[in-house]
Amino acid sequence: MFNKGFPQDRKISYNGMLWLLAAQFVVMLPLAFYLPFWLIPVMLFSTIWRIRVMQGHLTQPRNITKLVFTSLGIVGLALSGIPLVSLDMMASLLLLGFAYKTIEVIQQRDGMVVIFTGFVLVGVTFLYSQSMFTALYGFLSLLILTTAMIAIHKNKSSVAFKSKKMAFMSSFRPAIIMLLLCLPLMILLFMVAPRFTPLWTMSLPGGHAKTGITDRMTPGDIAKLSQSDELAFRVKFLNGKPKQSELYWRGLILQHFDGATWTQFKEDLDSEAVRQRLEKPVIDIVSRLQLKGSNRQYEVIYEKSSQPWLFSLTPVIDVKGNATLGSDFRVMANHDLFEPLLLTMTSLPEAVRDIELLPSVRQSALQLPEKGNIKTHQLAEQLLASSSSQQDYIQKVLNRYKQQEFYYTLRPPKLNRTDSIDEFMINHKKGFCAHYAGSFVYMMRAAGIPARVVAGYQGGEWNESGNYLAVHQYDAHAWTEVWLKDKGWVRIDPTAMVAPERIEKSLEFAMKSEGSFLQGKFFSSAKYKWLNSLRKKFDSGQYAWRRFVLGYDSDAQSSLMKKIFGEISLLKMAMIMAGIFIVVILFWSVLLGIGKKHHHEAQEHRLYRRFCDLFTKWGMEREVSQTAGEFSELAIAHSPHLKHEISAFTDTYNQICYTDSDENTKDLLVKQLKNLLKKIRNN
C-alpha cells in the first residue's frame, strides 16, 4: 500500500542525494547542543557510508547490519543518562532514526520520509531555544530541506559531480521562491491567528536553562556566579531610569542559617511549596505598605533559568503577566522559567514595608545556630554595650567594615563550616558580597535586631541602542534588610562600606585592580571595550525579538487588533481573517499567473523565435514552410558578416531538437544558444 505511489525505479539522483545529506546535517547541528553530541558522528558515519555506496565502493547494508546499528544507538542513549520518559529521550530517538535513515536512502519515498522528519525536527529545535539566531537558522534549515525535496524529484543525472553547479541552482532557486511566497501568509497567521492555551504542556529539563541565583547561599557561590556573562534579564523603564546605586533587583529572601549556608526556610522546600507558602493576594500585600514617593514602571524580559525566582525593584505594588506576589514582597513566576517571560511591573521604592512585624517573621529574622562563631557573638555584645541605640550599633558595625582591613575580592579564602563567620570577621577579612551580607545579618541577630539576607542583582549595563538595561549574571549581588521600629524593613548594603565603586559603578570597575573580572572567560565580549558597540547593537536586536515576537501573546494581539479595527467581536474577527486569506490567495493568483491559459514553450524554441524576430526586424521574414537550415542560408546571405554565428546557432538548435541528450547537456546547449543569440544581436 505504501509503495503504490512511489515506483521502485524512481531513484534519487547524485545531486539530490547530496542535497539530502546536507539537509540532514543542517537540521541536526543545533540539536547537538542540547542532546547527546555523539549523534553528530553517527550522522557523519551514515553520510560517509551513503557516499561510498553512491561511488560503488560499498554495498547497501543488510538487515542484520541495520539491527546492530540500531541496537548500538539505543544502548548509547540508555547510557547517556537521559530520563526515559522525557522530551530529551523522544527527541534523541527521533534524531537517531533521522541519522540512521541516511544509510538506506535510495528511492524518492525514502528521501521524503527524511525530509518530513527534518521539518518536524526544525520545530523540535524551537522547544529548546527561541532566540533570533535560532529563528534565522530555522529558516535556513527550511530552505535546505525544501531544496532537497525539489532536488530528489529531478531525474537521475549521468554528469560528473564537478559539473553540478547548474543543477544546484535549478533546485535552490525554486526553493527560495516557494518560501518567499509563503512568507506573507506566515506573517499574517502569526499576527491574526487566535492564541489558544495548549491542551498539554511538557517542561524542558532544567539542565538546558541558564541557572542563575539559587535558593541557597554559601559564601563564595555568588563569586562563582559573577564569573558568568550570561544574560539574566532586560529592563525597559517607562517613566525614567533610576540611578545606578538605586538598582537593587530583589529576588530571594534567605532567613535560615545553619552555620555555613543561608536558605529560605529551615525545611528544604521545592519551588512549588515555596510559592504556596508565600503567595498572597495583592491587596493584602499592599495593605502592609505605607505608600509614599513616586513609582517606577518598567517592563522586564527574564531569560529562562529553570527556576521561578524573579527580580524586581521592591516593593512591587502591581504586576501584569504570569507571576504572583509573595508575602515577603518578592515576585515569583507561576511556573519555573523554561522560556523567556515578559512582565510589566510597578514599584514604589520609597514605600515603608511592615511597620508592624508579625511574631513568626520576627522569630525567623532572629534565628541563629546554637553552636559556633563565639568570637563574633562576643564582638556583637561588646559593640552593643557601647552603643546608645540600635541605629548607633548598626553604624558601628558598618564602620568596622570600613575602618578595618576588610578586602573585597572574587578570590575569597575557604572558610571553616562551623565557624565561617568568625573566620571572616576576625581572621581573613577577605570576601565577596555574600560574606559581608551574611556576617552583617549575623551581627544584627546577635544583637537582637531582626535582619535577613537578600539575594538578587545590583546595577546593570545600559544599552543606548535599545534604550534598556541589561542585567547579567556577573551583576549578582547579596545585601541585607534590617527591621527597625517605625521604619519597617530597611535595605543596608555592607559591601558599599568596603567597595562603594561596586554599587555606584560596576563589578568590573571594582575588580579592576585585582583583575579578576570574568577571568575565566577568555572570549567574553564584555571584557573588551572595542567590542562594546557591536555587542550592544546585537543585544538590542535580541531584545526587540524577545519583546515584539516572543512577547506577542494573546493580550498583545488583542491590543493590536483593537488599535487597527476597533472593538472586535467573534464574527468581526472571522470576517477579518477570511478577508486577509482572500487577499493572500488573490496575490498568489496574480503572482503565479493562476487562471491564465499557459502555452508551455521550450526554452530553445523561444530563443529560436527571438532569432527569427531579430531578422524580421532587419527586413527578412522567415516563411512558415522554411526549415531551420533553409532559413540559415538566407540569413547568411542577408548578413554575411555573421556567417559563423548564424551557422553555430542553427547547428546548436538542431542538436537540441533532434539529439537525445541528458538534462545537464541540454542545459549547457541552451546556455550556448543564449550566448550566440547575444552575439548576433550585438553585431
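## Basis and overall make-up

Two strands are said to pair if DSSP finds at least two bridges between them, and helices (H or I, at least four residues) and strands (E, at least two) are DSSP runs, numbered from the N terminus. The structure is a predicted model, in which local features need pLDDT of at least 70 and side-chain atom pairs count only at pLDDT 80 or more, whereas totals for chains, interfaces and linings use all residues. Residues are numbered from 1 along each chain as its sequence is written, and side-chain values use heavy atoms, with hydrogens and water left out.

The protein chain has 25 helices and 19 strands, and 47% of its 683 residues count as buried, where buried means under 20% relative accessible area, exposed over 50% and partly exposed in between (1.4 Å probe, protein chains only). With contact taken as heavy atoms within 4.5 Å, residues 24 or more positions apart account for 74% of the contacts in the protein chain with a separation of 6 or more.

## Strand 11 and its partners

Five of the seven residues of strand 11 (residues 341-347) are buried, so this strand is largely enclosed by the rest of the structure. Strand 7 (residues 296-302) pairs with strand 11 in the antiparallel sense over seven bridges, and in this pairing Ile 301 stands opposite Leu 342 of strand 11. Strand 8 (residues 316-320) also pairs with strand 11 in the antiparallel sense, over four bridges, and the bridge partner of Lys 320 in strand 11 is Thr 344.

An open sheet is formed by four strands in the order 3-15-18-19, with antiparallel pairing. Its edge strands are strand 3 (248-254) and strand 19 (488-492), each of which pairs on one side only, and the twist averages 35° from one strand to the next. Within this sheet, seven bridges join strand 15 (residues 451-458) to strand 18 (residues 476-484), the two running antiparallel, and Arg 452 has Glu 481 of strand 18 as its bridge partner.

Helix 13 lies across strand 18 and strand 19 and runs at about 155° to strand 18, while helix 15 lies across strand 15, strand 18 and strand 19 and runs at about 15° to strand 18.

Two bridges join strand 4 to strand 5 (residues 262-263), with Thr 263 of strand 5 as the bridge partner of His 256.

Gln 255 lies in the loop between strand 3 and strand 4 and counts as buried at 12% relative accessibility. Leaving aside its neighbours within four places in sequence, Gln 255 is in contact with several residues, among them Trp 262, Thr 263, Arg 445 and Arg 452. Leu 368, placed in the loop between helix 11 (359-364) and helix 12, is 112 residues from His 256 in sequence and 7.7 Å from His 256 in space, C-alpha to C-alpha. With neighbours within four places in sequence left aside, the contacts of Leu 368 are His 377, Tyr 442, Arg 445 and Ala 446.

## Helix packing

In helix 14 (residues 420-428), the residues Ser 420, Ile 421, Asp 422, Glu 423, Phe 424 and Met 425 are buried. The buried residues of helix 14 pack against strand 4 (256-257), helix 12 (374-385), helix 13 (390-403), strand 14 (430-431) and helix 15 (433-446), and just after helix 14, Lys 429 takes a positive phi of about 60°.

Helix 22 (residues 603-617) and helix 23 (residues 628-638) pack at an angle of about 35°, with their axes 12 Å apart. The contact is made by Tyr 608, Phe 611, Cys 612 and Phe 615 of helix 22 and by Ala 628, Phe 631, Ala 635 and His 638 of helix 23. These residues divide into seven nonpolar, one polar and no charged, where Ala, Val, Leu, Ile, Met, Phe, Trp, Tyr, Cys and Pro count as nonpolar, Asp, Glu, Lys and Arg as charged, and the others, Gly among them, as polar.

Note on methods:
Axes are lines fitted to C-alpha atoms, for helices over the stretch in contact, and angles run from 0 to 180 degrees between N-to-C directions.
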